[in-house]
Amino acid sequence: MSLTSILAELRRNKKFMANVVAWERFRARPAQIQSNPFSLHPQLDEALRQGGVSQLFTHQVAAISAAFDDQNVIISTATASGKSLCYTIPVLQRLMLNPKARALYLFPTKALAHDQMVETASLIKHGGLPIEVSGYDGDTPQSRRRQVRQSDGILVSNPDMLHAGILPYHTGWRNLFSNLEYVVLDEIHVYRGVFGSHVANVIRRLRRICHFYGSDPKFICCSATIANPKEHAERLVELPFVLVDESQNGAPTSEKQFILYNPPIINEELGLRGSTILAAKDAAITFLGQGVQTIVFARARQTVELLLAYLRDAMAFAGMPESSVAGYRGGYLPLERREIEHGLRNGDVRGVIATNALELGIDIGDLDVAVLTGYPGSIASTWQQAGRAGRRAEKSVVIMVAGNSPLDQYICGHPRYLFRQSPEHALTNPDNLRIMIKHLLCATYELPFHQGESYGSFGEVEPLLNALVEEGNLHQTRQQYHWIGDGVPSHDVSLRTSGDDTVVIQDIGDDIPVVIGKVDLESVALLVYEGAIYMHHARTYLVESLDWDGRIANVRPVDVDYYTRASVGSSIRQLNASQEAVSSGMMRAYGEVSVVTKATGFRKIKRYTHETLGFGEIDLPEMFLETSGYWLILSDELTEKLYDLGILLRPNDYGPNWQQQRQAALERDGHRCRTCGSDQSGGLHIHHIRPFREFGYIRGENDHYLRANQVSNLVTLCPSCHRRAEAGQQARSALGGLAYVLRNLAPLYLMCDPGDIEVSAEGRSPLTQSPTVVIYEQVAAGVGFSQRLFEMHHELLSSALELVSDCRCRDGCPACVGPPGDIGPDTKEVTRQLLKILT
């Protein structure tokens, strides 16, 4: 059945259409071709023809022309618009005209680097071009590395390897740096926040070494559609750029139909909807069952494996080969990923379930349908994932299955937010001192700094170098600063916020253990604790033992009809102020923050029905994050005033029968957390399912506490699960609204990614015994964001008030205090009143 016929069937399906909240049709756009204003080397011209490139689109001509004019170029056009030719042609032309010239390609992931290396090598082979293409990353065998260093032509790598494996050893790469004429940075929208700030400093060091060897390469950058591509490229590289954007895009686009599907409500009282995972499975099998190649995106590794298992079951039931559907996520071994990519290209794999690893431009063939399991979290990511369908087809379909989260439900109620909102900005701050100083040490190790020498656009860094001399890291001679520390400093600096520590997963089902995957240390508490069911390629393994110190998880194949889900919670254990200030009845401070993350227990969940079958405990060490934070503490006097004004809610008086009902709930639940099954020696909490204050109890005036405290409205939770349950209710307040708006604004002022920070709001913090909002950094020790927020406190709160007051929504939205459903009906107004008092 054709795609058109399947869509017609869906339109006639009343049950399906009853839950479709939007069905947008984006018309096809014909190609816009432009004759080449430049002449290419005859062999390159022939290579392009042999490779199927007989003419170029308008944006490709614009980008290549700018590169030929020795300008730095940033190309920001939609997925599958042929951006790679925008750098491939100028680079190959230069190398054909000057065989000694070199080019450096940098990609954010090994998979993308490998894919582009194969594509470039194929084009070179078509024309018999005398150009070498070599890859150099952590997977390159030691026996091959010497050969790569001595190679000519194009070097393909990633920023991490450039940072730690190439720049510190630049003397062995003299041929590269002396003759480097082009640097290609692909997918630069990924280089944002802390990661992007690190990469910008690596580029500073790269250009410094190039200058030492007498080269001055031009940069060609590519990006997905973001709000500020030119500004972002210029911030990253610190050079002027020519922008080629979507308005110049001449690539043809197929007709795309975008369906926004909201699963039906299955519990009217709680407003709960059907499973997003099962709805995504049904959507995918609708197309896979008719032989239409489909990609399904999921946000978590476990969701990928669960969907893979469900789809393989459905394929087997339909008499189709299970192997035609594959998973693709972090933790798979490199060879497994290459095999899946190859299967997608040659058509053996008809469906793939992936995390955002496949958002990037890896060539995975002719996919016609993309199913998004929940809102990906940003407008940019949504269109990146949607763009994976219809790269070459005449028509494509995107189905986004909404989740139960308030943001997903807001989008269902306001589809224009998805279809009309512009993509987000990519922000970096290379001059962040905590990040930059680390790279100054790396740069000094690579080449001594001269007195008066500048460092990128930051300018002269002599005062910073003098401070590093005083700390004993550098030695100052009459005109230079030299590294005198131990080892190679770049080896101690990770560009990414997540650590490099990983746990190897090995199958001990046979006589000889076999490594089947790996996970980062932070994911151990979610995926490979003892007793967990670990899923890999839809196969189930029982985690028998975990060697925490040895970083090895031993698993054994088992055939079970359930999976496990861990309950992991974080809490702020300590606030140590470095500086404090009091104004408007509120203390603000910044300093050290200790965040503790602990896995308390897990549930065994039956497949398909998703009912809880049992519980288990997790015995793992607590994970500590010692970082920096900025916090606001309301004084007792201000808090009382806010209670009186109704801006903050007073703590509940649960009525005279509370202790009796609390004990009854504990006994009913067997003194275990109903969410994770934990038997907490530190004490269990009793939570009201429907918030107590909604019953309107007033001591001495009514007996509404009797209904509020019915055992059917109570649930036993461990402290960790209780904090998460209360977080949703806490958001229904001015304090929650304040935390939400600060989370939205802080990244704009800090030029960081939203994922670089975390925000906590507590009506009564156990540390301060007062209403408290904490913004803390997600990277160990922090990178200076907290001090910056402290310094910008008044400007930040004024902007927050302006944002909330000027937002055109009535009761709140994702752009101000949070989406309806996650906040109370008056949250926007009480947040505005609170901000007015605080400013």
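What span should the 14 residues of helix 27 have, and how far apart are its end C-alpha atoms? Let's start there, and please keep in mind that this is a predicted model. Helix 27 covers residues 793-806, and at 1.5 Å a residue it should span 20 Å. Its end C-alpha atoms are 20 Å apart, which agrees.

Now, which residues of this helix are buried? They are His793, Leu796, Leu797, Ser799, Ala800, Leu801 and Val804. As a reminder, in an α-helix there are 3.6 residues a turn, so residues three or four places apart point the same way.

Let me pick out His793, which sits in helix 27. His793 counts as buried because its relative accessibility is 1%, against a cut-off of under 20%. Setting aside neighbours within four places in sequence, His793 contacts Ser583, Met586, Arg588, Tyr630 and Leu632.

The structure holds one cavity of 30 Å³ or more, and the volume of the largest cavity is about 100 Å³. What lines the largest cavity, by class? Its lining has seven nonpolar, two polar and three charged residues. Among them are Arg301, Gln302, Glu305, Arg329, Tyr529 and Thr564. Helix 13 (301-317), helix 20 (524-527) and strand 22 (533-536) each contribute at least two residues to that lining.

Technical notes:
Residues numbered from 1 in each chain as written. Predicted model: local features only at pLDDT ≥ 70, side-chain atom pairs only at ≥ 80, totals over all residues. Heavy atoms only, no water. Helix = DSSP H or I, 4+ residues; strand = E, 2+ residues; numbered from the N terminus. Expected span 1.5 Å × (residues − 1). Buried < 20%, exposed > 50% of the residue type's maximum accessible area, 1.4 Å probe, protein only. 1 Å grid on protein atoms, 1.4 Å probe; cavity = no way out; pocket = protein on both sides within 12 Å on 5 of 7 lines; lining within 4 Å. Points joined across faces, edges and corners; volume = space filled by probe spheres on them. Nonpolar A, V, L, I, M, F, W, Y, C, P; charged D, E, K, R; others polar. Contact = heavy atoms within 4.5 Å.
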